[in-house]
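This report covers a predicted model, its strand pairing and its chain contact. The structure is shown first.

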Amino acid sequence: MQSVLNKLLLIWLLAAFFIPAGAQEAGFFNSPKGFGAQYCFAENDGVFHTATAYLDIYGIPTSRCSSPGYRFNFSRQYVFHKMENAGVGYTFYAGPGVSTGVVRDHDKGRGFDLTSLISENPGFMFALSGNVGCRFDFGRKLSLDLSFLADAGIHVRVNEKEKSYTATSLSVYNNGFIQMFYPQLTILYKL
Amino acid sequence: MKKLIPLVLLVLLPSMSMRAGMPRISWGLEWGYTGTFLKTAQRNFICSEGYRIVENPVRWDYYSNGSVLANAGLDITQKLNCALYSGLQGVYSKRWMVPMELRLRWCPSGLYSDGLLIMGGGGLVLPTEPLREVCYRAHVGAGYRVELLNGISIDFLASWMFTTDKEMILDPDTREYVVPAMISANFAEYQAFNLSVAINF
């Protein structure tokens, strides 16, 4: 519990550090990937930026580990289409970004052993990301944002087989691709 | 419990007919964080050595879990909604359940406007792993509803949850499971708080 609170505090401090003076919207990030906060910079010439910090819950829903990882993403979003229908404004966007954090990666085919090494291999992740999404504006203080994000990157962690020697292992960050179809729903509040 | 659902419908039907027209059907999704903080149990069984063991352990352990629930229901009045919830709910370490919960939601300022929301419900839960005996749960809480568009709203909820369970009992000597014929009582209860978000259509 204490470690979760510490990570939450760290994420909020990190998020607070990145709050831009001209932040347009801030909100609550929800996904099967995890939960956290998102800040959305003001749109300018069809381009806006998002900063997302969240707790990575990989392995927690299946009780394979008890403490979450933490993750941060910064993306540049290009608006490519806007429309309005029945009082709802739709803004479609896509763009690149970077992701980093300390997370667990997908453990490769260790089958049904729920006490597998997943709980022991959190590691540093760095990735280039691609994001696509749609913002729903209801003309209220709250708006919704649905997006999908893929990460292409690396995962550096203590080698499970040689951990007593503090050897590190480096691999492709598999969850970056596996979780690309996990929806990300952000409830945004207009500042 | 089988008698409860027809009884609730019987109570609700007159109020439905009081409204002009058919009651509106509601749909929704709810997900959130569950923190289980207390587990109590009552076990009474005869072990392999032939003597009776009576245990009433109380464990103040904390486990993080989550829930994903879908619901379908009816707007009974302008301020009251009744819905059936089901999905997946974590209740303890490596213990997940599929609930079937009937929940009442009362919004003093109206179902389709911003304001306070009070909810309460109960129902059955089916564990996803042995021992798969049907158990019960009760759920009360409150929150705040934000209306986004006609009929679409978001709820921010905080609630307390009580879930019963039946466990596989291990024999302290052989470390094997005690057969049901040797068990006189086997109950467990979990208490947890929920922080959740819901979207209603």
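The model is predicted: local features need pLDDT of at least 70 and side-chain atom pairs count only at pLDDT 80 or more, while totals for chains, interfaces and linings use all residues. Residues are numbered from 1 along each chain as its sequence is written, and chains are lettered from A and ligands numbered from 1 in the order in which they are written.

Chain A has two helices and nine strands, taken as DSSP runs of H or I over at least four residues and of E over at least two, numbered from the N terminus. Their order along the sequence is α-β-β-β-β-β-β-β-β-α-β.

| Strands | Bridges |
|---|---|
| β5(A) (residues 88–104) and β6(A) (residues 122–137) | 16 bridges |
| β6(A) and β7(A) (residues 142–158) | 15 bridges |

Val98(A) lies opposite Leu128(A) of β6(A), and Gly133(A) has Ser147(A) in β7(A) as its bridge partner. The hairpin of β6(A) and β7(A) has four residues between the strands, and there Gly139(A) has a positive phi near 75 degrees.

In the contact between chains, 14 residues of chain A meet twelve residues of chain B, contact being C-beta atoms, placed from the backbone, within 7 Å.

Mean pLDDT, the predictor's confidence per residue from 0 to 100, is 82 for chain A, with 76% of residues at 70 or more. Residues 109–115 of chain A stay under 50. Where pLDDT is low, the predicted coordinates should not be read in detail.

Notes:
Contact = placed C-beta atoms within 7 Å. Pairing = 2+ DSSP bridges.
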